[in-house]
Amino acid sequence: MKRLLLLLLATLALPTAANANSMVKDALNNADQQFKLGMDGCVMVTLAIQAANWPEAYGEVSYSLKEEVKRYAQRCKLRF
């Protein structure tokens, strides 16, 4: 039972590509909302860049999503 529980916890704790893609999408959606409200959404873009550039921690991000992050980074004058 302990072994099964540890395996389940390890599976839930390890990030997957779906988690990385959803994390990046959520960060970019939040940045959009902040831009629409006249706020600086570049902090959220920074989080999206970190998630997209660190596949060991968050999982692999799709190519199209990386291109979208690149466009947002250019808008905020950030490197990607």
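In the protein, residues 24 or more positions apart account for 64% of the contacts with a separation of 6 or more, where contact means heavy atoms within 4.5 Å. This is a predicted model, in which local features need pLDDT of at least 70 and side-chain atom pairs count only at pLDDT 80 or more, while totals for chains, interfaces and linings use all residues. Residues are numbered from 1 along each chain as its sequence is written, and side-chain values use heavy atoms, with hydrogens and water left out.

**Exercise 1.** Find the disulfide, determine its handedness, and say which parts of the chain it ties together.

*Solution.* A disulfide is a pair of cysteine sulfur atoms within 2.5 Å, and a search of the whole structure finds one. Its partners are Cys42 and Cys76, whose sulfur atoms are 2.2 Å apart. Because Cys42 lies in helix α3 (residues 42-53) and Cys76 in the segment after α5 (63-75), the pair ties together parts that are 34 residues apart in sequence. The torsion about the S-S bond of Cys42 and Cys76 is about -90 degrees, and therefore the disulfide is left-handed. Finally, Cys42 is buried at a relative accessible area of 16%, and Cys76 is buried at 12%.

**Exercise 2.** Classify the aromatic pair, and then locate a charge that sits over a ring.

*Solution.* A pair of aromatic rings is described by the distance of the centres and the angle of the planes. Rings of Phe, Tyr and Trp (its six-membered ring) pair if their centres lie within 6.5 Å; planes under 30 degrees apart count as stacked, over 60 as edge-to-face and the rest as tilted. By this rule the count is one aromatic pair. The ring centres of Trp54 and Tyr58 are 5.8 Å apart and their planes stand at 80 degrees, so the pair is edge-to-face. Trp54 is partly exposed at 45% relative accessibility, and Tyr58 is partly exposed at 24%. For the charge, the test is that NZ of Lys or CZ of Arg is within 6 Å of the ring centre and within 35 degrees of the ring normal. The charged end of Arg75 sits over the ring of Phe35, 3.8 Å from its centre.

**Exercise 3.** Describe the largest nonpolar core and the contacts of Val69.

*Solution.* A nonpolar core is a set of buried Ala, Val, Leu, Ile, Met, Phe, Trp, Tyr and Cys residues joined through side-chain atoms within 4.5 Å. The largest one has 19 residues, and Val24, Leu28, Phe35, Val45, Ala48, Val61 and Val69 touch the most other members. The elements that give this core two or more residues are α2, α3 and α5, and α3 provides the largest share, seven residues. Leaving out residues up to four places away in sequence, Val69 touches Val24, Leu28, Ala48, Ile49 and Phe80.

Terms used. Buried means under 20% relative accessible area, exposed over 50%, partly exposed in between (1.4 Å probe, protein chains only). Helices (H or I, at least four residues) and strands (E, at least two) are DSSP runs, numbered from the N terminus.
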